[in-house]
Every structure is written in structure tokens, then in C-alpha cells.
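Have a look at this structure before reading on. The notes below walk through one part of the fold and then a pocket.

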Amino acid sequence: MKKLVRFIKSYFTAFIRIFYYFIFGWSYKSGRKMLSKIMASLNTALQNKLKLGSINFKDLVPEDISINLSQIFGVNGNTSLYESMVISAIAANHKPLTILEIGTFDGRTTLNLALNTSDDCVIYTLDLPVSHKDNTSFTIEENEKQYINKPEPGLRFKNFSQSGKIVQLFGDSAAFDFSNLPKPNFIFIDGSHAYEYVINDSLKCIDMLNNNGIILWHDYGVWQGVTKALEYLKETNPAFKALLTISETSLAYIVKR
């Protein structure tokens, strides 16, 4: 009975909040951002029955793994706190020496990767400059332009000593020449959520990744472009046959064999 009461309370609280955003949210900036996120989630849920199998987080790392987390309070566009913990723990367990991140945004994930890897690990993080948002290789979704319009990519890691491990790169991931970088053994893809970009970024990354390296994607099951692209790759490309989601997150996961 207590569980039922809690569910009903949560249901009506969520209903009232969503109702408020749909009636009044269009009139102010943060409300429009939330509406965009709600509509993207609903669109994906309505149009896609998720096809990727899942794996439990506890099957990916040992129970006694220790991690450090900073900047725990997220904003629209960040991973959830639980997802931050999952990403950090997988990185800490994998012990990569070279990391590539596509989509720096405010640098929250970048910082936590730096905090949970060795001092000799180098993290390359790529972001699209705001000056390039209207001149990209593929069309960017309107709902994600808000994540490009920011004062400066990577602000969250600027004042940390671990920022010395981070190399900031700027450009369009579809046109960027990654051949001058060391081959990574850990990649986090959270750039453009448009279908063409996810396909392009995924193919580039699986090719450059070292054997036994890991790729994580964010927003599977949330953004339609990400969801469709990853399901297409799993169905059509043998290199992505082992692609899975991590339970209770929007993260997808693969180890290159």
C-alpha cells in the first residue's frame, strides 16, 4: 500500500509539472529548453521500441571500485549523476592512457574522467565552436543548438589541477582529422544527436579505437537520432554486434574485440 501511495504521489507530481511546462513553458527560455527535452523523449518513446539488449553496471566493474566525483549538480545537457558515476567507474576500472571525448559541452564529464584516470592519461575532448553551428557537415537538430550556444566549452574543469591532462580540440567531428592523435582506448560520444552525426562519429571511433578499448554513447533511448543510429549499426555492421545499453541509464556500451 505504501508503494502504491508513493507511486500515485510521484505520478501526480510529474503530471502537474509536465502540464505546467506545456501550458506556460514556451514563454521563457528555461521552460522552452525543458519542453524540447520532454518532446525529444516522448518522440523517441513513441516511435521506437528500444532494440538493444542491456547489461547491468555491476557486471562491468568490481564491487569495491573507488571513484572521485566532482561537479555533481548537472544542468540540461549533462549526464545524470548516476550516469556520471557509471562512466567514471568504467574509466577507473579500464585504466585508459588515451581518452577521446566527442562533445565537451561544459566539461563536467571531461573533469570526472580526468579525476578517475592515472596522471599519465591524456584526454582529448572535441567541441563544435559556436561560430561553426550554421556551417556543419551534416544538419544539426534545432533542439541541440542550445548546447552549442555557451560562453566557453569546458568551463567546469578550468580551475582544477587535473585540467593539465586535458587537451581541448575544436571543430566539426565529421570533418575533423583524428589521424594526428594517439589511438584511444576509451571513447565517450556525446556530440551531435543527429542521426548522420552519430553514424559518422561511431564509425570513425570504432575504426580508431585500440583493441579491447571501450566506447560509451550518451542519450540512447532519449534522442531519436542516437537511438536509430545505434540500432542500425548493431543490425548492419558486424563491428557493432556486441553493442549493449547499460541498465537504468541512457548509456550504450561496447568493447572492441
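Strand β2 (residues 98-102), helix α4 (residues 108-115) and strand β3 form a right-handed β-α-β unit. Right-handed here means that, with the strands pointing away from you, the path from the first strand over the helix to the second runs clockwise. Helices (H or I, at least four residues) and strands (E, at least two) are DSSP runs, numbered from the N terminus. This is a predicted model, where local features need pLDDT of at least 70, side-chain atom pairs count only at pLDDT 80 or more, and totals for chains, interfaces and linings use all residues. Residues are numbered from 1 along each chain as its sequence is written, and side-chain values use heavy atoms, with hydrogens and water left out.

Now for β3 itself, at residues 122-127: five of its six residues are buried (under 20% relative accessible area, 1.4 Å probe, protein chains only). It pairs with β2 and with β4, where pairing takes at least two DSSP bridges between the strands.

How much space lies in the largest pocket? About 580 Å³. Of its 38 lining residues, Tyr 147, Asp 190, Gly 191, Ser 192 and His 193 are the closest to the centre. The unit turns up again here: β2, α4 and β3 are the elements that each give two or more residues to the lining. A pocket is an open set of points on a 1 Å grid over the protein atoms alone, where a 1.4 Å probe fits, with protein on both sides within 12 Å along at least five of seven lines; lining residues have an atom within 4 Å of a point.

Methods. Buried < 20%, exposed > 50% of the residue type's maximum accessible area, 1.4 Å probe, protein only. Points joined across faces, edges and corners; volume = space filled by probe spheres on them.
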